[in-house]
Protein chains: 2
Amino acid sequence: MPLVIQKFGGSSVADAHHIFNVAKKITDVYKSGNDVVAVVSAQGDTTDKLQELMEEITDNACGREKDVLLSAGEQVSSSLLAMAIQKLGFPAISLTGTQAGFLTDSNHTDAKIIRIDTKRIENELKNKNIVIVAGFQGINENGDITTLGRGGSDTSAVALAAALHADVCKIYTDVDGVYTADPRNVPSAKKWSSLSYGTMFEMAHFGAQVLNERSIETAKKFGVTVEVLSSLSGSSLGTVITEKTPELNNTISGISLKNHLAKVTLSARENIKKYEEIIMSETDKIGIKIDNTMKSVGRQNKDIFNFVIEESSINDFLKLAKKIDTQNIQISYEKNKSEISVINISESLNLNTASIIFETLAEMNIDIEMVACDEKRVSVVVASECANTAINAIHSKLFEEDTII
Amino acid sequence: MPLVIQKFGGSSVADAHHIFNVAKKITDVYKSGNDVVAVVSAQGDTTDKLQELMEEITDNACGREKDVLLSAGEQVSSSLLAMAIQKLGFPAISLTGTQAGFLTDSNHTDAKIIRIDTKRIENELKNKNIVIVAGFQGINENGDITTLGRGGSDTSAVALAAALHADVCKIYTDVDGVYTADPRNVPSAKKWSSLSYGTMFEMAHFGAQVLNERSIETAKKFGVTVEVLSSLSGSSLGTVITEKTPELNNTISGISLKNHLAKVTLSARENIKKYEEIIMSETDKIGIKIDNTMKSVGRQNKDIFNFVIEESSINDFLKLAKKIDTQNIQISYEKNKSEISVINISESLNLNTASIIFETLAEMNIDIEMVACDEKRVSVVVASECANTAINAIHSKLFEEDTII
């Protein structure tokens, strides 16, 4: 019997109304003669609420306890979804990450799946149950609960599809596919009917939120066909990500946007390279992501090191910086920055793309505060209040002619 | 090293402030050179909130999924408490019922503990960790999450004390011991310094909410010394329940109160015994508790069957009754009833006690709507609006002279 894996994000199960909508999508697939395993995230703002409870206790919780706390969210949503399916008259059972057999490493809050012991799931499928799996979570060899990091439920679903040799992994989200830009920001964005793993990975890496990066790596590794669909509309046409789609060549695949960034400037009289190395390694240890680094040496007798981090990491970063050196380095930062990245799979095209971006933003009097460019993309950092205007202008320049896309 | 088991109820961990208060009580015991295992309930109104989420989905959830849902509550509170203890600078680790080794039967929502595999807890104690155990929950042999029913965290704590051969099981609650009546209703109530298991069981059975019945049975079976204390006050003098305390003889141990009851009247032309049997067995199956049954045959050509159930069970009961017979029985009910029980360990004393109760209530013009009497207690059912006046009057009559207590 064909097996379908479905994954539903937090907004798709935000309340009873949405949960029944999802239950309907699941039972429709089941009624057509498929086995179904659905992976589910925590309801809407549950994770935020749990995090608030935690922050009232401590700003420095250990990863192990964070994982115990946060994994409760999917436990709740998975049982509610199983109840809704039963209410519709179909057999269903919820399984926690532990029960579903997700064995991970012990890297709490950002664990990697080592393997999935699918025995329990297979038994439930044999008994004709619809299986609802709590996403985002697993268990390490010590029997402790782990979580898979942001967007981890995508990875749960894709890894499960690989382990169960499912025919397809359907990721339901609040847009109905992968677009040239997020259609909520850029109304004229166009939907891709199919994409390669490589292209999808680049788009996710630079901010497209439909799928997380690790899930795409997993899909590529095991050749899992992933389909991105809307959990809201009835349409069944989404974007298919598969190894059959050739890599795009000399073509722009999309424009992505990251908000809530801060631009950090470090200056020192000398030896900025030493500080750069320490900062890069220390931030990596505590999970602060540094991007778009830029260095200039000996400018006005100073060495300057610029980079971008998420606004939410600023406090942790400042604490860290204080420990490294308070004497010889000065640190300043500006919040409310956004990064627009044009994802491109050709170095030769990037030069041309960069000049179009610069020209477009100059015409609109939007300052470019930082630039990063490599063989995969061109990124510019701008003030957040200009981001929406900027991305729409760039999108319309790059995609207005059908010859490009 | 001496081992202390502590148990904290939902109101004791309702918010960050209360959690730190509890963390302090735990670390104080740890600092004095004890190993500590603390069992914790879900925060304040968490269980109610989870139940509301469920009721938006279905009024008929299966027990297995209910247990997955509700057990998330203790998972949250146990991790928050572990974080608070760590914040105070002590080593702590939270364990779910599954991780703590609570193996139960498969009677979902009201499971019984079969045994506790204490290996993991013992390892953590060896590593000098304070162990926080999610109460109320376990796992069956199938690997499914189970819960232990109302007040189940008390049972978790006492069973753990038995399994770990702990020196004492301290139950922290919002009153500082077991009183002759709930001091929140009866300000003149007196605290017992010690009680026997048998007396405590009777008091719990007839409505004293400090400890649940099953936990007392467990304590008696394994000879666990239980101490009931306040989680709020600094006082360390509570009530000790131990096998060393002799059973009370010809002495009233307390007066308990159950509110939110309904009085149900069933009448039939004949054959009420048949309906009584069906109703007793069918209500038992779906967990409706029937109490204080009274039957009168052939009164005004009718057979009458009276009993008391919890108000919250009325709808379920009416549904059930419809299925049994709609032709030959009439059903009426009145809500807002309360049951006052005087707990007594002597049949000979009961006759005397009953007459004091009747006299007292007659003096106050309070109608007694039903009476039940056996060798353990005398119970009267009154309208709830009179209950507080009635219990205070009875308490003052029975306990005013020091010779009685």
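**Note on the predicted two-chain model**

1. Lys7(A) stands opposite Ile171(A), a residue of strand 9 of chain A. This pair belongs to a model that is predicted, and the points below should be read with that in mind. Strand 1 (residues 3-8) and strand 9 (residues 168-173) of chain A run parallel and are joined by five bridges.

2. The sheet to which these strands belong is an open one in chain A, built from eight strands in the order 3-6-2-1-9-11-12-10, with mixed pairing. Its edges are formed by strand 3 (92-95) and strand 10 (194-195) of chain A, each of which pairs on one side only.

3. Which strands of the sheet does helix 3 (residues 63-87) of chain A touch? Helix 3 of chain A packs on the sheet through contacts with strand 2 (35-40), strand 3 and strand 6 (130-134) of chain A, and its direction makes about 165 degrees with that of strand 6 of chain A. Helix 5 (residues 152-163) of chain A also packs on the sheet, where it touches strand 1, strand 2, strand 6, strand 9 and strand 11 (226-230) of chain A. The direction of helix 5 of chain A makes about 175 degrees with that of strand 1 of chain A.

4. Elsewhere in chain A, strand 17 (residues 370-373) and strand 18 (residues 377-383) run antiparallel and are joined by four bridges.

5. After helix 6 of chain A comes Gly207(A), with a positive phi near 120 degrees.

6. Asn336(A) has a positive phi of about 60 degrees and is found in strand 16 (residues 329-344) of chain A, where it is partly exposed, with 14 other C-beta atoms within 10 Å. Lys128(B) has a positive phi of about 65 degrees and is placed in the loop between helix 4 (119-126) and strand 6 (130-134) of chain B. Is Lys128(B) buried or exposed? Lys128(B) counts as exposed because it has 11 C-beta neighbours inside 10 Å, the cut-off for that class being 12 or fewer.

7. Within chain B, helix 1 (residues 16-31) and helix 3 (residues 63-87) pack at an angle of about 65 degrees, their axes being 9 Å apart, and helix 1 of chain B passes helix 3 of chain B in a right-handed crossing. On the side of helix 1 of chain B, the residues that meet helix 3 of chain B are Ile19(B), Phe20(B), Val22(B), Ala23(B), Ile26(B) and Thr27(B); their partners in helix 3 of chain B are Leu80(B), Leu81(B), Ala84(B) and Ile85(B). By class, this contact has nine nonpolar residues, one polar residue and no charged residues.

8. Turning to the interface, 27 residues of chain B are in contact with 27 residues of chain A. Helix 1, helix 2 (46-57) and helix 3 of chain B each supply at least two residues of the side that touches chain A, and helix 3 of chain B gives the most, with 13 residues. Sorted by class, this side of chain B has 16 nonpolar, seven polar and four charged residues.

9. With its neighbours within four places in sequence left aside, Thr58(A) is in contact with Met83(B) and Lys87(B), and it counts as partly exposed, with 17 C-beta neighbours inside 10 Å.

10. How are the two chains related? Chain B is superposed on chain A by a rotation of 180 degrees with 0.2 Å of shift along its axis, at an RMSD of 0.2 Å, and the two copies are therefore related as by a two-fold rotation axis. In chain B, the C-alpha nearest the axis belongs to Ala72(B), at 2.5 Å from it. The copies meet through the same surface, because 100% of the interface residues of chain B are also interface residues in chain A.

Note on methods:
Residues numbered from 1 in each chain as written. Chains lettered and ligands numbered in written order. Predicted model: local features only at pLDDT ≥ 70, side-chain atom pairs only at ≥ 80, totals over all residues. Axes fitted to C-alpha atoms, helices over the stretch in contact; angles between N-to-C directions. Left-handed = near helix turned anticlockwise from the far one by under 90°. Contact = placed C-beta atoms within 7 Å. Nonpolar A, V, L, I, M, F, W, Y, C, P; charged D, E, K, R; others polar. Buried ≥ 20, exposed ≤ 12 C-beta atoms within 10 Å, placed from the backbone. Least-squares fit on C-alpha atoms with pLDDT ≥ 70 in both. Pairing = 2+ DSSP bridges.
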